[in-house]
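Please keep the sequence and the structure in view while reading.

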Amino acid sequence: MNQLENSIQEIAVNFSNGQFEDVLPHLSDDIVWSVIGEQVFQGKSDVIANCKQTAEYFNTVETDFQTHDVIVTSNKVVVRGTADFYRNGKRINHVIACDVYEFSNDLMLERIESYCIPEKS
């Protein structure tokens, strides 16, 4: 894997694991984040606002993110994994996720498609 592929992989995995602060400098001004079947966030400020809201939720629970697969091409990264959320020691949610990232040639994140499937009890 070359330097560019290592860089975009790190950015993508950080985002998928909720480490948004590390990714914010890499968001393009015109980024689009589609949470499939739920919502679309358009533009850097809209995406940052949702990242902050999501991070606030993460601060109210214990999280366990597991990355199962990462596929990297010249400007795309796919991250597949799971997320468990706990409150007071009890699991309250289990999500199976796949995120698809598209980058520009200058390492700016231009598009994210998130497929998040909550496990039914």
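In strand E4, Ala83 is the bridge partner of Phe65. The model is a predicted one, in which local features need pLDDT of at least 70 and side-chain atom pairs count only at pLDDT 80 or more, while totals for chains, interfaces and linings use all residues. Residues are numbered from 1 along each chain as its sequence is written, and side-chain values use heavy atoms, with hydrogens and water left out.

Strands are DSSP runs of E with at least two residues, helices are runs of H or I with at least four, and both are numbered from the N terminus; two strands pair if DSSP finds at least two bridges between them. Three residues link E3 to E4 in a hairpin.

Asp69 lies in E3 and Arg80 in E4, so the contact ties together parts that are 11 residues apart in sequence. The term salt bridge denotes a side-chain nitrogen of Lys or Arg within 4 Å of a carboxyl oxygen of Asp or Glu. Asp69 is partly exposed at a relative accessible area of 35%, and Arg80 is likewise partly exposed at 38%. Here buried means under 20% relative accessible area, exposed means over 50%, and partly exposed lies in between (1.4 Å probe, protein chains only).

By the salt-bridge rule, the count comes to four. Another of them joins Arg91 to Asp84, with an N to O distance of 3.1 Å. Arg91 is partly exposed at 43%, whereas Asp84 is buried, with 8% relative accessibility. Salt bridges with shared partners connect Asp84, Arg91 and Glu119 into one network. Arg111 and Glu113 also meet in a salt bridge, at 3.5 Å from N to O.

The loops come next. Thr60 is placed in the loop between helix H2 (44-58) and strand E3 (62-72). Although Thr60 and Arg87 are 27 residues apart in sequence, their C-alpha atoms are 7.9 Å apart in space. In the loop between E4 (76-87) and E5, Asn88 has a positive phi of about 55° although it is not a glycine. Most residues other than glycine have a negative phi. Asn88 counts as exposed because its relative accessibility is 76%.

Strand E5 (residues 90-103) pairs with E6 in the antiparallel sense over nine bridges, and Cys98 stands opposite Tyr115 in E6. The two strands form a hairpin with five residues between them, and Leu107 in the turn has a positive phi of about 70°. Leu107 counts as partly exposed, at 24% relative accessibility.

E6 (residues 109-118) is also joined to E1 by five bridges, and these two strands run parallel. Within this pairing, Trp33 stands opposite Ile112 in E6. Asp29 lies in E1 (residues 27-35) and counts as exposed, at 58% relative accessibility. Together with Asp30, Asp106 and Glu110, Asp29 forms a negative surface patch. Such patches consist of residues with over 30% relative accessible area and no salt bridge, with like charges joined within 9 Å and nonpolar side chains (Val, Leu, Ile, Met, Phe, Trp, Tyr) within 5 Å.

Notes
Accessible areas come from the Shrake-Rupley method with a 1.4 Å probe; for residues, only the protein chains shown count as cover. Lys and Arg count as positive and Asp and Glu as negative; His and the chain ends are not counted. The place of a charge is taken as NZ of Lys, CZ of Arg, CG of Asp or CD of Glu.
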